[in-house]
Amino acid sequence: MDVTRLAEGLHEHTTGFAKAVAGADPAAVVPTCPDWPLRVLVGHIGQEHRWAAGIVRSGPAPVPDPFDADPGGPGEWADWLREGAEELADAVLAAGESPVWTFVGTRPATFWLRRMLHDTTVHHADAALATGTAFTVAPDHAADAVSEWLELLSDPAAAAVRPAFAELRGTGQSLLLRPDTGTGWLITRTPDGVRWARGNGTADATLAGPVADLVLVISRRQPPESVTITGDRGLVDHWLAHTAA
């Protein structure tokens with residue numbers, strides 16, 4: 001996805017998130033983020049957009065605590081969220097492909113726009129589940145979310161950030177994510193870590209369904225049973241248990 005499409009997606013899901021939480025109780029429980037009341041989830045989105053923008057402009061900064069974010073009152077949420085997304089998109093567009101710090105090493109500035117798009121998308125789903133509102137994601141965004149997540153999981157530096165990722169090493173066990181249309185993702189657990197490629201071959205376990213549902217399952221926003229699972233269910237459960245975002 002090019003930077004323009006990434007920026008469009010960030011604005012789309014930030015707006016969708018804002019609509020999902022409009023008029024909602026700030027103290028409402030978020031079922032898929034049970035440690036965060038809705039206000040903290042709102043704060044996290046605007047906070048992380050501003051944090052990522054600051055990294056693009058000035059370099060690394062400590063990861064902020066979502067409980068320290070101040071999104072204002074519910075009537076201010078939409079503008080505050082929009083401003084954060086605009087700040088990030090503007091910073092990345094200005095930086096272009098300039099190298100910047102990331103938690104997996106130096107990457108082009110677009111890394112942060114892509115990372116924040118897909119994190120915002122998943123949290124848009126959280127907000128929709130918490131408030132009983134509709135959630136949709138464009139197929140190209142959903143497909144890129146799967147690829148981006150696998151890129152992170154397979155990066156050798158990722159286990160230092162998420163130690164559970166080291167448990168994904170294996171001896172050739174394979175998992176296929178197969179969308180209803182288009183090419184899937186064939187994942188292999190090797191002694192050195194996760195390897196993956198686009199393809200629709202055979203695997204020890206397969207998750208099949210609409211690509212949007214695959215994204216929500218691998219991010220644990222929908223139960224595994226919302227897609228079709230064939231093969232080694234234990235392999236699927238192990239994968240989901242060790243890839244928590």
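Strand E3 and strand E6 (residues 205-209) run parallel and are joined by five bridges. Helices (H or I, at least four residues) and strands (E, at least two) are DSSP runs, numbered from the N terminus, and two strands pair if DSSP finds at least two bridges between them. This is a predicted model, in which local features need pLDDT of at least 70, side-chain atom pairs count only at pLDDT 80 or more, and totals for chains, interfaces and linings use all residues. Residues are numbered from 1 along each chain as its sequence is written, and side-chain values use heavy atoms, with hydrogens and water left out.

E3 and E4 form a hairpin with five residues between them, and Gly182 in the turn has a positive phi of about 85 degrees. Because five of the seven residues of E3 (residues 173-179) are buried, the strand is largely enclosed by the rest of the structure. Buried means under 20% relative accessible area, exposed over 50%, and partly exposed in between (1.4 Å probe, protein chains only).

Helix H4 (residues 110-131) has 22 residues. From first C-alpha to last it reaches 31 Å, close to the 32 Å expected at 1.5 Å a residue; the expected span is 1.5 Å times one less than the number of residues. H4 is mostly covered, with 19 of its 22 residues buried. Just after H4, Gly132 takes a positive phi of about 70 degrees.

Arg221 is found in the loop between helix H7 (211-218) and strand E7 (228-231). Is Arg221 buried or exposed? Its relative accessibility is 15%, so Arg221 counts as buried. The side chain of Arg221 makes a polar contact with the side chain of Asp126 (2.7 Å). A polar contact is a pair of N or O atoms within 3.5 Å; within protein, one must be able to donate a hydrogen and the other to accept it, and residues adjacent in sequence count only if both atoms are side-chain atoms. Not counting residues up to four places away in sequence, Arg221 touches residues including Thr32, Val122, His123 and Leu216, where contact means heavy atoms within 4.5 Å.
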